[in-house]
Amino acid sequence: MTDPLARWRRLADAAVLLDGFHALKHAVRFGAEVPVAVAVDRKAALALADELAPDVRATLDALLTEVPEATYASLVPRPHPTAVAALAVRPSREGNLRVLARMPRTAPVVVLDEPRNLGNAGAVIRLAAGFGATGVVTTGTLDPWHPTVVRGGAGLHFATAVERLTVDELPPGPVFALDPEGADIRGVRLPDDAVLAFGSERSGLSAALRARADRLVALPMRPQVSSYNLATSVAMTLYHWSATGGARAC
Ligand SMILES: C[S@@+](CC[C@H](N)C(=O)[O-])C[C@H]1O[C@@H](n2cnc3c(N)ncnc32)[C@H](O)[C@@H]1O
């Protein structure tokens with residue numbers, strides 16, 4: 001067996017950093033390939049698994065190598081309170097595109113149109129995973145696999161298909177674009193094959209996305225309030241989908 005640290009250094013550039021126990025737990029649970037995992041206190045990490053994730057305890061037991069604190073600190077940008085870190089293989093773009101294109105779809109795809117904030121993107125991936133959404137697609141320049149997005153997503157990138165596409169490449173299905181000027185969402189049933197599109201934090205929906213939209217839909221909001229935060233808008237919309245008949249996946 002190769003030295004885990006040598007393996008880490010060999011894989012680090014192409015792999016996805018799982019920062020902390022919870023990210024590792026989620027990634028393992030949702031089938032990520034994890035070639036190397038380290039902990040400063042292996043016993044404490046396994047005790048956490050006993051308490052919070054007995055379903056993946058045996059896998060973590062086989063994966064985790066104990067390393068000195070200084071070694072751990074040299075592998076991560078900023079130490080996590082659980083002092084656990086791992087590398088996972090990024091799912092292939094081809095595989096994700098197949099998942100996103102497959103019809104009939106049993107749960108919507110969330111599209112973030114030119115998002116800017118890495119934390120928002122991570123929070124949306126976590127929401128999409130929680131609601132069993134088919135995937136999260138971003139348009140524009142933000143990389144949805146950026147380490148900060150992965151940290152915000154708590155390892156849940158492996159529970160849904162996450163890719164960057166252009167508006168022309170969006171998956172099939174009716175596009176419901178969320179915009180305060182749209183029809184009140186409370187009167188709209190969002191189908192399971194919906195593509196739910198959200199605009200950027202600064203400027204809302206792009207012209208290209210608006211042109212592709214089948215319907216503009218609004219979240220209820222008092223007149224004096226101009227808009228909601230992007231991630232909370234996604235949360236309300238997915239909740240609406242689940243509460244109006246689309247809850248089979250949850
Ligand atoms: C922070 S908002 C964008 C605000 C931006 N200044 C604008 O002009 O639209 C980010 C995205 O959240 C969604 N959103 C926020 N509030 C909404 C509402 N009341 N109804 C529907 N969508 C909303 C939209 O998709 C919007 O593009």
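User: How far does helix α10 reach, and what is expected?

Analyst: Helix α10 (residues 230-243) has 14 residues, and from its first C-alpha to its last it reaches 20 Å, close to the 20 Å expected at 1.5 Å a residue. The expected span is 1.5 Å times one less than the number of residues. Helices (H or I, at least four residues) and strands (E, at least two) are DSSP runs, numbered from the N terminus. A word on the model: it is predicted, so local features need pLDDT of at least 70 and side-chain atom pairs count only at pLDDT 80 or more, while totals for chains, interfaces and linings use all residues. Residues are numbered from 1 along each chain as its sequence is written.

User: Which residues in α10 are buried?

Analyst: They are Leu230, Ala231, Ser233, Val234, Thr237, Leu238, Trp241 and Ser242. Buried means 20 or more other C-beta atoms within 10 Å of a residue's own; exposed means 12 or fewer, and partly exposed lies in between, with C-beta atoms placed from the backbone.

User: Why are these residues said to be on the same side of α10?

Analyst: Because they cover an arc of only 165° around the axis. The arc is that of the directions from the helix axis to the C-beta atoms. The cover over the buried residues of α10 includes β5 (109-112), α7 (118-130), β8 (175-184) and β9 (195-198).

User: What makes β5 and β6 a pair, and which way do they run?

Analyst: Four bridges join β5 to β6, and the two run parallel. Strands pair if DSSP finds at least two bridges between them, so four is enough. Val110 has Val136 as its bridge partner in β6. On the other pairing, β6 is joined by four bridges to the parallel strand β7 (residues 161-164), where Val162 is the partner of Val136.

User: Which handedness does the crossover from β6 to β7 have?

Analyst: The chain crosses from β6 through helix α8 (residues 147-152) to β7, and this β-α-β crossover is right-handed. With the strands pointing away from the viewer, right-handed means that the path from the first strand over the helix to the second runs clockwise. β5, α7 and β6 also make a right-handed β-α-β unit.

User: What makes the phi of Ala83 worth a look?

Analyst: Ala83 is not a glycine, yet its phi is positive, about 50°. Ala154, also not a glycine, has a positive phi of about 55°. Most residues other than glycine have a negative phi, and most peptide bonds are trans.

User: Which peptide bond is cis, and what is its omega?

Analyst: The bond joining Met103 and Pro104 is cis, with omega about 0°. Pro104 sits in the loop between α6 (93-101) and β5.

User: How do you know how exposed Leu46 is?

Analyst: Leu46 has 16 other C-beta atoms within 10 Å, so it is partly exposed. Leu46 belongs to helix α3 (residues 42-52). Beyond its neighbours within four places in sequence, Leu46 is in contact (C-beta atoms, placed from the backbone, within 7 Å) with Arg57, Leu60 and Asp61.

Notes
Two residues are in contact if their C-beta atoms, placed from the backbone, lie within 7 Å.
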